Amino acid sequence: MSEFFAVYGSLINFVGINALLALSLYVPLSAGQLSLGNAAFAAIGAYGSAILTMRFNVPFPLAIAAGACLSAAVAMAIGTPVLRIRGIFLAMATLAFGEVVRIVAVNLAITGGAEGLIGIPNKTTALIIYGTVAATAYFLAVLGGSRIGWSFASVREDETAAMVMGINTTRYKNGSFVLGAFIAGIAGALYAHLNFIITPGEFGFSAEVQLLIYNIVGGTRSVLGPILGAFIITVLPEVLRGVGVTAGPLRMGVNGVILLLVILYLPNGLSSLFGQKR
Amino acid sequence: MFLEFEKISRSFGGVNALSEVSFGVQAKTIHGLIGPNGSGKTTLMNVVSGLTGPDAGRLLLDGRPIHRLRPHRIAALGVARTFQNIRLFPKMTCMENVIAGQHLMGGRALFPRLFRLPSARAEERQSVANAMACLAKAGIEGRARALACSLSYGERRRLEIARAMALKPRILLLDEPIAGMRLREIEEMETLFRSLVESGVTILLIEHNMPFVMRLCQRITVLHFGQTVTTGAPEEVAEHPEVIEAYLGMKSEC
């Protein structure tokens, strides 16, 4: 068992972090908001918490909370103007926001510029990661059945109908955006303290799209979908390496084929194979 | 008057969809809104529910001006509606559609559910029971577990009415509620609407089925090119020369 963990420990940790990131995007998606800014929110959480622990010796749990709150605060500030636009335009605006965050991180001295932050204390453990994933999944599952969850679903299905039923759609759209950013901030903070080093490039366009792929492959009908999607897409390269496929481009190709098959044959994601949950 | 339109005007570009529309809806009555296509009936309903703001004029609900409020605020004052082109939550079941419509009823609070408090289970039971009662009133309790997108046209209209009733409205706006329904369904809807009025709900309805409007409504308002032609009892309206010319006369020629 300990040997298994020595070999696959970092993979196991990354599966958990990616699952948390996938869940962070699941929240705005469940309210019908296609946001591509969650990797940037993770960056804010990662940089925020790492600066606190490295420069100010802030205790780790406090640094995570501060990173997540910073991320949520930024989401709150940009949410009201950004969420007035819909669909693909919202995706573009949030993507642009992600670029802004990346460029800010490259140019500030406190974030270490293009080289990023080096020497972040290694404080994240598998237990912390999976405890957070479990707590988040439970919270989101319960949220889904609450009045808030039903409001998210109503906004997703038909915004006009939701309005005339008394749902303050602006508030719930903002709420989903901020909650997603908060979870992404936690994931970013855990990632920073797992990895010793963070650079602005890690949180760019391909990371944003990766989060969306987790949700598409796993499905967004329940909280298990994004977790399953993150697991499969993260583990797949290792499995492929095991069977002898090591070349990078080929792996990307396999990812693409899986995505295509899921979209064509399981539009509700792989989790729809295991019983329908609304 | 429970709902009072005071010189409501609204134009889209150069088109005057509504110009100085004035009439009142009495409490606990069924008020019909008729007029040829494009006469502004649906626009007027959108003004009431807050989806379209009027350019000029006032709208009073129970004496309170509501024409500047956002849709969710107006709903909170007890205004529910259905849509001409039916707006359901297609990928939810009938039961789930109605549960989503209970938003303003409180219940299903997050924290009791997180800690599995007894109150969470009680709220859940209450919510499901209320939803079932609304479905039963609209006569589609048998389809509670069916997806909304799998329903027939008439059933969709009923589900939309059930969802509107979940809000426990004081006034119900129905935009062509019986379009596409069979004769028996129409009779059932008639019974439902009458019982709603008896329980204290006011209904404002748009409908093209004239016999239905004539026998159900206490008062009728006729719109033509965005203007009120007349408001009165069904028999007065039916004999009004301008109405016959503008609407009824034209219809019988077709």
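In which order do the four strands of the open sheet in chain B stand? Select β1, β2, β4 and β5 of chain B, and the order reads β2-β1-β4-β5, with antiparallel pairing. Strands here are DSSP runs of E with at least two residues, and helices are runs of H or I with at least four, numbered from the N terminus; two strands pair if DSSP finds at least two bridges between them.

Before going on, note that this is a predicted model, in which local features need pLDDT of at least 70 and side-chain atom pairs count only at pLDDT 80 or more, while totals for chains, interfaces and linings use all residues. Residues are numbered from 1 along each chain as its sequence is written, chains are lettered from A and ligands numbered from 1 in the order in which they are written, and side-chain values use heavy atoms, without hydrogens and water.

Stay with the sheet and colour β2 (15–25) and β5 (64–65) of chain B, which stand at its edges with a single partner strand each, so one side of each is left without a neighbour in the sheet. Strand β4 (residues 56–61) of chain B is joined to β5(B) by two bridges, and B:Leu61 has B:Arg64 as its bridge partner there.

Next select β9 (residues 219–224) of chain B, which runs parallel to β3 (residues 30–34) of chain B and is joined to it by four bridges; B:Ile34 is partnered by B:Val222. On to β10 (residues 227–232) of chain B, which pairs with β9(B) in the antiparallel sense over five bridges, B:His224 standing opposite B:Gln227. Two residues lie between the strands of this hairpin, where B:Phe225 takes a positive phi near 50°.

Now pick B:Thr82, in the loop between β6 (79–81) and α3 (94–100) of chain B. B:Thr82 is buried, with a relative accessible area of 3% (buried means under 20%, with a 1.4 Å probe and protein chains only). A polar atom of the B:Thr82 side chain lies 3.3 Å from the backbone nitrogen of B:Asp175.

Finally, move to chain A and show A:Ala40, A:Ala43, A:Tyr47, A:Gly98, A:Val101, A:Arg102, A:Ala105, A:Pro200 and A:Phe203, which line the largest cavity (a cavity is a set of points on a 1 Å grid over the protein atoms alone where a 1.4 Å probe fits but cannot get out, and lining residues have an atom within 4 Å of a point). α2 (38–56) and α4 (87–107) of chain A each supply at least two of the lining residues, and α4(A) gives the most, with four.

Notes:
On a 1 Å grid over the protein atoms alone, a cavity is a set of points where a 1.4 Å probe fits but cannot get out, and a pocket is an open set with protein on both sides within 12 Å along at least five of seven lines; lining residues have an atom within 4 Å of a point. Buried means under 20% relative accessible area, exposed over 50%, partly exposed in between (1.4 Å probe, protein chains only). A polar contact is a pair of N or O atoms within 3.5 Å; within protein, one must be able to donate a hydrogen and the other to accept it, and residues adjacent in sequence count only if both atoms are side-chain atoms.
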